[in-house]
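Have the structure open beside you and go through the points in order.

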Amino acid sequence: MSESFTKGMARNIYYGGSVFFFLIFLSLTFHTTKEMPERDNRVNLSESVARGKALWEDNNCVGCHSLIGEGAYFAPELGNVYVRRGGGNIETFKGFMQGWMKAQPLNIPGRRQMPNFHLNDQQIDDLAEFLKFTAEMDVNDWPPNDEG
Amino acid sequence: MSTLKYQSQAVAKPYFVFALILFVGQILFGLIMGMQYVVGDFLAGAIPFNVARMVHTNLLIVWLLFGFMGAAYYLVPEEAETELHSPKLAIALFWIFAAAGVLTILGYLLVPYSTLAHITGNEYLPTMGREFLEQPTITKIGIVVVALGFLYNLGMTILKGRKTAINMVLLTGLVGLAVFFLFSFYNPANIALDKYFWWFVVHLWVEGVWELIMGAILAFILIKTTGVDREVIEKWLYVIIAMALITGILGTGHHFYWLATPEYWQWVGSIFSAMEPLPFFAMVLYAFNMVNRRRREHPNKAATLWALGTAVMAFLGAGVWGFLHTLAPVNFYTHGSQITAAHGHMAFYGAYAMIVMTIISYAMPKIRGFGEAMPNSAQVREMWGFWLMTIAMVFITLFLTGAGVLQVWLQRLPETGEALSFMATQEKLTIFYWLREIAGVFFLIGLICYLTSFFTKEKAQA
């Protein structure tokens, strides 16, 4: 690097640049949180959805599955599973979930195995409500198709 | 006695030793998971995949934190030209952090996760069950307490001593690490907000403040091993971290493409994160430049190798592999696929695992009383470890990339109805997963080889 470009100048770019871009980041974050109510489906955030989210966390579902692309990549994406397995109908989806959760582990030799989390009917319904909620968020049309 | 300038630098030793022990655990659990990718029910009853993954990623984070702390305890006194404010506090915090870490990992392994959540009172302040932030809330509070004590100790040391650019940058990075961790306590019922601010921990750590820590450690090592003028090295350090933060802060936007957020993030995230490879490229130029302009032949060849290696691998893993899937139109298809896993592996190894091994390589011979370097035979084993682990990681990344490309091709690109399901796609990827697992075994062999370099027949000077 050229001698006329001094350490002091580099330091000023570091401090000035980071503070400047951090402030822009904070402003965009502020704007985003103002916009999110239009997109994140919060009008439908019921008690049941909140309980479902707690169950999702307490059983570490994200340790195998992804949710809107984030999480582990060992098991299917669940952000849109309400569409894939429930066809967008909550009764169909709850029926599917009740059967699926209780059938675990499938014990098919060599197949990846989902544990049984011993959830009761109400809890499974709550989880279904949570997954319906995530499927109805406006996430800029991700994923590309129903397979997730 | 050790061959240290300041005796209190020796508190780094337990941190480094424990970091490497956890590293071994991380790799073993990685191999278990790799096996479960191909033989789905392998150990499924005893160690379900989610548990193995939690142990694998949490051990990584914790061993890197131990490594960063050890690095700070080692280099801050030397830079400040004074003894550490309180070596006793450093040792006490070591035991608290180690105990909390071990108990947390045992909790993951011994009881179902929901039981762990229940007995640690997660319902009162729910923070668990989110990727990388799986630790019980009480552990998270413990991490904050340890971080505060650690920053107090370093801050007092720097206050009474010389304030070099390296020390200030390192301290800024560590304060940032602690501050952004506080977002892990924010967990609203609204999943979109939860995810948005979750990235304030995850992204602003690894693509923000951790880069300051990496830059400071690398600068310290380059000054020591090359003898190049501090003014030059510190100027480069500022340029690199300026680029890292200018691109990386708004680069956070590449996580906000599909998150109930406005579309402008697709532009902001794409443009700024496309520039994120620049600081890593500059780091490669800088490391090689400084080593070429060296004014002395440092006897610790291994440390220099690690320093060059971390720059190159961070550029490849974080820079190139990050760029591969960072543009919004590409990320639409690759988001949450094996491409992400490929990038994650090489980026963490290249930037963070390797920088910790760089400082360990430089500091341990001095702490242990061997002088500036380990005997030649030990260095040869260390360098074998370097090459085996690094090449194995290149292959792990290539195989996961192959798996990811095929996954996108089969599962993401076709329309609904024509696309293969997730599970059907996974079966087609088996060959890649087997090859990845084999590469993983080579990584473990490299790690063992590396660890043997710490055991040598030759005696320390003391």
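**Notes on the two chains**

1. Let us begin with a cysteine: B:C449 counts as buried, at 18% relative accessibility. Buried means under 20% relative accessible area, exposed means over 50%, and partly exposed is in between (1.4 Å probe, protein chains only). A:C64 is buried too, with a relative accessible area of 13%.

2. Before going on, please keep in mind that this is a predicted model, where local features need pLDDT of at least 70 and side-chain atom pairs count only at pLDDT 80 or more, while totals for chains, interfaces and linings use all residues. Residues are numbered from 1 along each chain as its sequence is written, chains are lettered from A and ligands numbered from 1 in the order in which they are written, and side-chain values use heavy atoms, leaving out hydrogens and water.

3. How many disulfides does the structure hold over all chains? The answer is zero, a disulfide being a pair of cysteine sulfur atoms within 2.5 Å. For A:C64, the nearest cysteine sulfur belongs to A:C61 and is 8.8 Å away.

4. Now look at where the chains meet. Chain B brings 86 residues to the contact and chain A brings 67 residues, with contact meaning heavy atoms within 4.5 Å. The area buried between chain B and chain A is about 6,700 Å², and carbon and sulfur atoms give 64% of that. Buried area is the accessible area (1.4 Å probe) that two parts lose on being put together, summed over both. In chain B, the residues losing the most area to chain A are B:K235, B:Y238 and B:A260, together 10% of what that side buries.

5. Five salt bridges are counted between chain B and chain A; a salt bridge is a side-chain nitrogen of Lys or Arg within 4 Å of a carboxyl oxygen of Asp or Glu. One salt bridge joins the side chains of B:K195 and A:E70 (3.0 Å, N to O).

6. Over all chains, the search finds 20 salt bridges. In one of them, the closest N and O atoms of A:D126 and A:R51 are 2.8 Å apart. Because A:D126 lies in helix 5 (residues 121-135) of chain A and A:R51 in helix 2 (residues 47-58) of chain A, the pair ties together parts that are 75 residues apart in sequence. Helices (H or I, at least four residues) are DSSP runs, numbered from the N terminus. A:D126 counts as buried at 3% relative accessibility, whereas A:R51 is partly exposed at 39%.

Definitions and conventions:
Helix = DSSP H or I, 4+ residues; strand = E, 2+ residues; numbered from the N terminus.
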